[in-house]
Amino acid sequence: MAKRFFEAVNVGNFHAQKGIQRALEYNDRNRPRIAYWRNNLTALSHDFDLYFVAYGDKIHVTKPLDLHQTLPITPDLVLDLPRSLLGTKIRGYIDQNHPHDVNNMKVGKLGEFEILLIACDDGDLLAYYTRLLERDVTAADSSWSDASTSHIQPFFHENVGISAWGLAVHQYSRLIAVGTNNSNVHVFQPALAVCYDAETGGRYYQEGTSSNCPDRCFTAATSPFTLVSTLDFGSAALGDFERKDCRLILELGPSGSNIPSIDFVSDENGEASVVLATDVNGKLWSLSLSQNETLEWPEIHQNPSHLPLFDDEFEPRGWGVLCIPISCFMLVKSPQEALGIKQLQFALQLDTESPMHCLQSLDVTPDMVKYKISSLHPSCSFFVEPSQDPPNELTLESGPTLPQVESDPPFSDLRALVLDILSNAEDTKYLVQQPTHIPGFQSEDWVKRMIALLQSENWYSHAVGIWLEETYSDVGCRWDGGVLFYDDIKALQFLLQLPIPARYQINTWDRLQRAMTKIEDSENANLKWPDLTQTQWASVVKKMQAIPQLQEGQMAVIRTSAQDIELIPPNTDMLSTICRNFLQQKLPRQITQESLDRFDRLNMFAVIPELSLLVVASQKGRVGLFTLTRLEDDFSQAGPAVMFRHDHVLPFTAHEKGFRPLVPLLGMAVGPLQGKDKHGSVQRKIWRLILHYRDHTILSYELKRDGIMGSLEIL
């Protein structure tokens with residue numbers, strides 16, 4: 001197998017608890033009831049060693065027994081969710097016999113403290129402080145008794161009048177939001193012990209100074225929340241808003257539908273400014289908190305070769321939306337490394353003639369995983385010829401390499417090779433890492449300093465020798481025929497510097513190359529471009545409609561449909577990145593029709609900022625890992641140039657064959673691995689991923705990176 005030209009995913013330890021063995025520990029009396037057709041029903045605390053799973057209208061709270069994330073059948077604590085008075089009058093949208101069942105839940109920070117937010121089918125919305133749950137779990141551990149029902153009441157309990165789904169929490173602005181099946185979003189601002197200084201504009205929360213949070217539970221027939229028309233965090237009325245409980249209802253309008261996912265966009269000051277919502281029609285909506293403004297974007301554009309055969313059931317549904325700060329993206333050297341694709345011409349989707357594929361983009365699908373038999377579940381592998389290639393691993397197309405030298409060249413040859421690379425630093429800077437660990441090479445003129453050092457007589461040191469070896473190895477991995485590597489980068493930079501109307505006249509790679517040559521040969525770079533077609537103009541109009549506050553807040557947007565994922569950058573001049581059908585898997589027809597294909601939707605996702613990692617799961621049972629990548633600020637004026645690359649699919653084939661059941665996922669959860677850092681805080685360098693299937697099977701992995709630029713390890 002060819003060596004990957006970017007830092008590869010490493011595979012290590014893995015732990016599984018088979019569902020059939022865990023189910024045998026239940027008896028008929030205590031077997032938990034599982035709700036069907038929901039979103040994510042599991043979560044991990046990021047502050048405590050707590051695992052949450054929703055069974056019907058109850059939350060089981062468990063401390064994993066060890067670093068393998070072994071989960072006992074009997075939970076440490078059970079939350080029997082109270083029901084609001086309004087909720088008792090609402091019939092379930094999915095299951096009328098069990099209207100209070102949980103649809104979705106989420107862990108997030110509200111102010112200084114972590115909360116568990118829960119959405120129910122009868123419209124109830126509840127929130128608990130995880131630190132109080134940790135206190136009860138600790139008390140239950142010391143009693144050595146069976147699972148006890150917690151008497152902790154939710155500090156927040158409201159009802160939105162219909163089935164509740166999408167959830168969002170804004171830490172700094174202290175907002176809770178929920179998307180409903182009424183085509184609207186309810187935004188709540190609980191005034192929990194807020195102090196406001198009118199002179200300085202500062203906000204102070206008594207939670208930070210008191211030992212206990214306010215013991216409040218809003219379950220009265222009349223909601224204590226005051227209905228407001230806007231929430232403007234830059235206005236003089238800010239103090240008035242924060243001293244009372246406010247509710248803001250944001251309507252999608254007549255063309256909107258059910259809302260399975262929402263998230264907040266922050267402005268340049270870190271305050272919530274916009275709610276982004278995706279509906280089951282596939283549309284993306286921007287809902288302003290302060291201006292009564294609603295904007296709409298079409299569904300993720302489809303490649304004609306991937307169009308469905310049936311019109312109704314397989315319409316491009318919207319299932320997820322995430323707003324991610326640019327700070328979460330890992331800095332890399334080249335667009336090839338950022339996308340995980342060796343030749344950019346295969347990623348650039350330029351054709352804008354098709355109305356179904358009218359936006360130019362970076363598509364990482366063509367050079368993605370070579371699945372071979374892993375596109376079939378291993379239990380069905382007898383349908384195909386066995387492959388000698390290890391499945392679920394990335395295979396690279398072979399290409400030109402560096403000029404042939406010894407496998408372990410002497411330092412004199414290494415010095416000459418690296419000197420040649422550094423002498424063309426303007427072209428080769430995307431291949432070479434700055435040796436910041438060597439004293440004297442932290443400044444911007446490090447290339448000039450390194451050339452002078454390597455040309456001197458006393459150039460060798462142990463640190464310089466190691467850097468030469470690493471540089472040669474890195475260049476060897478990234479190199480693709482030298483000039484082709486550079487030409488691809490220049491082509492992308494050229495495309496991004498064009499005005500968008502001119503850019504949409506270029507619909508093939510050859511036409512892009514000709515346009516570059518034409519401008520390079522022309523004395524006047526402001527060439528006249530031919531008129532756009534009606535379809536192209538429609539594309540330009542869509543492309544030039546920016547999502548409010550993305551650029552000011554330096555945030556990118558991830559959205560998912562049933563099978564596809566798209567990254568929308570902050571600047572509309574930058575191309576979006578798309579990956580299609582990355583979790584595709586074929587099963588025998590009878591299994592497909594009866595079970596899993598109905599759950600084929602990307603409705604579970606999480607971002608791990610410390611690892612620059614996006615985790616996206618299909619309820620069908622598989623997970624994709626994506627590294628969030630970013631190029632240097634000087635790469636393009638269209639920046640920030642943010643992208644992603646597809647790193648891996650979980651479970652790996654060996655784990656699917658022996659452990660993954662043919663049932664849907666109940667939930668996917670990520671959280672820091674148990675342990676403390678040197679300051680006594682929860683460590684954030686190693687994370688755990690838990691996949692919980694509906695037959696009670698548990699698969700767990702550990703994720704980490706070697707360093708800021710290190711590879712992702714799956715332990």
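Strand S26 (residues 361-363) and strand S29 (residues 576-579) run parallel and are joined by 3 bridges. Within this pair, Asp 363 stands opposite Ile 578 in S29. Helices (H or I, at least four residues) and strands (E, at least two) are DSSP runs, numbered from the N terminus, and two strands pair if DSSP finds at least two bridges between them.

This is a predicted model, in which local features need pLDDT of at least 70, side-chain atom pairs count only at pLDDT 80 or more, and totals for chains, interfaces and linings use all residues. Residues are numbered from 1 along each chain as its sequence is written, and side-chain values use heavy atoms, with hydrogens and water left out.

An open sheet of 6 strands with mixed pairing has the order S23-S27-S28-S29-S26-S25. Strand S23 (320-325) and strand S25 (348-349) stand at its edges with a single partner strand each, so one side of each has no neighbour in the sheet.

| Partner of S36 | Bridges | Direction | Opposite residues |
|---|---|---|---|
| S2 (residues 15-17) | 3 bridges | antiparallel | Gln 17 and Ile 698 |

S36 is largely enclosed by the rest of the structure, because 7 of its 8 residues are buried; buried means under 20% relative accessible area, exposed over 50%, and partly exposed in between (1.4 Å probe, protein chains only). The hairpin of S35 and S36 has 4 residues between the strands, and in this hairpin His 696 takes a positive phi near 80°.

The buried residues of helix H7 (residues 446-454) are Trp 446, Val 447, Met 450, Ile 451 and Leu 454. These residues lie on the same side of H7, because they cover an arc of only 135° around the axis, the arc being that of the directions from the helix axis to the C-beta atoms.

A nonpolar core is a set of buried Ala, Val, Leu, Ile, Met, Phe, Trp, Tyr and Cys residues joined through side-chain atoms within 4.5 Å. The largest one holds 53 residues, of which Leu 348, Leu 492, Leu 512, Ile 565 and Phe 644 touch the most other members. Helix H9 (residues 483-497) supplies the largest share of this core, 8 residues. Another core, of 52 residues, lies apart from it and includes Ile 59, Val 102, Tyr 128 and Phe 156.

Gly 92 is placed in the loop between strand S6 (77-80) and strand S7 (102-110). Gly 92 is buried, with a relative accessible area of 5%. Not counting residues up to four places away in sequence, Gly 92 touches Pro 99 and Asp 121, contact meaning heavy atoms within 4.5 Å. The C-alpha atoms of Gly 92 and Gly 123 are separated by 8.6 Å, although these residues are 31 apart along the chain.

Overall, the protein chain contains 14 helices and 37 strands, and 57% of its 715 residues count as buried. Its mean pLDDT is 80, and 75% of its residues reach 70 or more; pLDDT is the predictor's confidence in each residue, from 0 to 100. Over residues 206-222 pLDDT stays under 50, and the model has 38 contacts beyond four places in sequence for them. Residues 393-407 also have pLDDT below 50, with 33 contacts beyond near neighbours in sequence. Where pLDDT is low, the predicted coordinates should not be read in detail.
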